[in-house]
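Here are some friendly notes to read alongside the model.

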Amino acid sequence: MSWFAPSLKACDAEVCAEPRKVHVVAFFVAIYLISIGTGGHKPALESFGADQFDDDHSEEKRKKMSFFNWWNSGLCCGLLLGVTVIVYVQDHVDWGVADIIVTIVMAFSLLIFIIGRPYYRYRKPSGSPLTPMLQVLVAAISKRKLPYPSNPAELYEVPKSQKAQGRLLCHTKKLKFLDRAAIVEDNENSIDKQSPWRLATLTKVEEMKLVLNMIPIWLASLPFGICVAQTSTFFIKQGVIMNRNIGDFQIPPASIFALAAIGLIISVTIYEKLLVPALRKATGNERGINILQRIGIGMLFSTTTMIVAALVERKRLAAVKKDPVHGSLSMSVFWLAPQFLIIGAGDGFSLIGLQEYFYDQVPDSMRSLGIAFYLSVIGAANFLSSLLITLVDNITEKGGKSWFGKDLNSSRLDNFYWLLAVITLANLCIFVVVAKRYSYKNVQSMAVANCNEDDAAAVGSMA
């Protein structure tokens with residue numbers, strides 16, 4: 001705003017030694033408002049978009065499987081414009097002009113969203129999704145001494161004809177302790193009169209199992225998120241001190257991130273147009289491969305990214321050792337292209353796979369919260385990345401020389417990348433074990449008595 005209203009400038013000089021306090025307050029208020037807004041609209045908007053497809057309609061269900069692919073491709077197209085056009089305006093025109101352009105674009109997108117309101121499909125709110133889970137837990141604990149029924153069909157479930165909304169789930173054998181919440185007690189009270197804190201339906205029990213089964217997957221996704229965090233931190237810092245010139249034009253440091261977006265768009269296009277049709281024929285799976293397999297492939301890409309990044313950084317350090325002043329500038333910034341493209345391609349598998357997983361495998365009433373779980377992986381991974389850097393810095397400093405010096409030329413970032421490669425590879429092995437033991441959501445297509453393990457296995461191969 002100070003560009004448009006000179007009276008708001010921090011000082012009269014071209015470069016100010018320090019900002020006014022009001023500038024600092026305004027800046028951080030704006031940053032926190034963006035964070036709050038993103039945390040509110042991003043999970044809700046993405047799940048709302050996926051909800052426009054009908055799961056009970058075969059053609060719409062197939063299109064829904066492509067939704068997250070093209071959603072993220074659209075986001076990356078916006079990201080490309082942001083880190084190229086907007087960054088160019090910031091560097092060569094003014095930050096105020098760039099901010100006004102972004103504000104106009106956001107206002108225009110909001111207008112389009114509002115215009116579409118009459119045509120959207122809406123889900124009827126069903127109350128807090130957390131209350132049924134607490135009811136299941138309380139009911140299971142209160143009936144912990146009751147004998148377990150020999151036939152799972154004896155567990156309580158409302159008839160499908162009486163189910164007002166949502167879908168019924170089939171019984172699974174894992175976490176059997178929770179099944180006690182659906183045991184019908186022999187007493188004088190009719191089933192209809194029993195408190196939901198004493199008797200839960202089988203579907204509610206299975207929904208509780210779904211959420212608990214997600215915890216190992218969530219934890220196993222964190223190392224991948226740590227690798228993703230490096231693209232917007234150390235990868236960019238490497239680019240700043242390398243040769244960014246193309247003729248007379250110098251690439252802005254933030255624009256290097258466009259390579260990751262390009263990598264994702266390319267991988268999604270190849271996956272959607274070539275791999276999925278071929279894999280559908282080969283595996284009989286409507287998705288081509290199941291969701292956790294897709295995530296695992298992306299994790300393998302992240303390990304490869306760290307190995308490539310370590311090799312490139314080692315080469316850069318060797319150049320610095322030969323010429324401490326101009327060593328980094330002797331290497332083009334495009335030496336970083338492979339690691340950006342590979343992590344972008346990996347995002348096309350893991351990040352989109354995680355979105356699909358947390359949307360599809362949560363209870364139907366928690367889908368917005370499911371996308372929030374995915375975002376929490378990225379958020380928690382960024383915190384863990386900072387914690388890991390601090391831990392490594394303290395340990396290596398005690399060993400003689402820290403891996404993180406006062407600048408990248410005096411650091412050993414290559415060693416840190418090798419460490420991340422080992423961590424992600426070890427985590428991938430753990431993820432494979434967890435994925436093999438995972439039970440996918442199994443929706444009833446008929447009476448509960450006809451649900452069986454074969455149905456669950458078939459659903460698992462399709463998910």
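1. **A starting residue.** Gln 238 sits in helix α6. Please keep in mind throughout that this is a predicted model. Is Gln 238 buried or exposed? With a relative accessible area of 0%, Gln 238 is buried, because buried means under 20%.

2. Which residues does Gln 238 contact, once neighbours within four places in sequence are set aside? They are Glu 313, Leu 336, Gln 339, Leu 408, Leu 413 and Tyr 417. If you have the viewer open, this is a handy list to highlight.

3. **Another residue of α6.** Ile 236 is also found in helix α6. Its relative accessibility is 16%, so Ile 236 counts as buried too. Not counting residues up to four places away in sequence, Ile 236 touches Thr 231, Pro 253, Phe 257 and Phe 340. How far apart in space are Ile 236 and Phe 340, C-alpha to C-alpha? The distance is 10.0 Å, while in sequence the two are 104 residues apart.

4. **A ring pair between α6 and α9.** Phe 340 turns up again as the partner of Phe 235 in an aromatic pair. The ring centres are 5.4 Å apart and the planes stand at 75 degrees, an edge-to-face arrangement. Phe 235 belongs to helix α6 (residues 234–240) and Phe 340 to helix α9 (residues 337–360), so the pair ties together parts that lie 105 residues apart in sequence. Both Phe 235 and Phe 340 are buried.

5. **A ring pair between α7 and α9.** Tyr 271 and Phe 349 have ring centres 5.5 Å apart and planes at 75 degrees, so this pair is edge-to-face as well. Here Tyr 271 comes from helix α7 (residues 258–283) and Phe 349 from helix α9, so the link joins parts that are 78 residues apart in sequence. Tyr 271 is buried, and Phe 349 is buried too.

6. **Aromatic rings in the whole model.** How many aromatic pairs does the structure hold? The count is 23. There is also an aromatic cluster to look at, formed by Phe 53, Phe 67, Phe 68, Trp 71 and Tyr 359.

7. **How α7 meets α9.** The axes of α7 and α9 are 7 Å apart, and the helices pack at an angle of about 50 degrees. That angle makes α7 oblique to α9. The crossing of α7 past α9 is right-handed. On the α7 side, the residues in contact include Leu 259, Ile 262, Leu 264, Val 268 and Tyr 271. On the α9 side they include Phe 340, Leu 341, Ile 343, Phe 349 and Ile 352. By class, the α7 and α9 contact has 14 nonpolar, four polar and one charged residues.

8. **How α8 meets α9.** Helix α8 (residues 291–322) also packs on α9, with axes that come within 8 Å and cross at roughly 155 degrees. The two helices are therefore roughly antiparallel, since that term covers angles over 145 degrees. This time the crossing is left-handed. Sorted by class, the contact of α8 with α9 has 17 nonpolar, nine polar and three charged residues.

9. **How α10 meets α11.** Helix α10 (residues 367–398) and helix α11 (residues 413–437) have axes that come within 12 Å and cross at roughly 120 degrees. These helices are therefore oblique to each other, and α10 passes α11 in a right-handed crossing. What makes the contact? Leu 388, Ile 389 and Val 392 of α10 meet Phe 416, Leu 419, Leu 420 and Ile 423 of α11. By class this contact has seven nonpolar, no polar and no charged residues.

10. **The overall picture.** The protein has 12 helices and two strands. Read from the N terminus, the order of elements is α-α-α-α-α-α-β-β-α-α-α-α-α-α. Of the 463 residues, 41% are buried. Among contacts between residues at least 6 apart in sequence, 77% join residues at least 24 apart.

Notes: Residues numbered from 1 in each chain as written. Predicted model: local features only at pLDDT ≥ 70, side-chain atom pairs only at ≥ 80, totals over all residues. Heavy atoms only, no water. Axes fitted to C-alpha atoms, helices over the stretch in contact; angles between N-to-C directions. Helix = DSSP H or I, 4+ residues; strand = E, 2+ residues; numbered from the N terminus. Parallel < 35°, antiparallel > 145°, perpendicular 65-115°, else oblique. Left-handed = near helix turned anticlockwise from the far one by under 90°. Contact = heavy atoms within 4.5 Å. Nonpolar A, V, L, I, M, F, W, Y, C, P; charged D, E, K, R; others polar. Phe/Tyr/Trp six-rings, centres within 6.5 Å; stacked < 30°, edge-to-face > 60°. Buried < 20%, exposed > 50% of the residue type's maximum accessible area, 1.4 Å probe, protein only.
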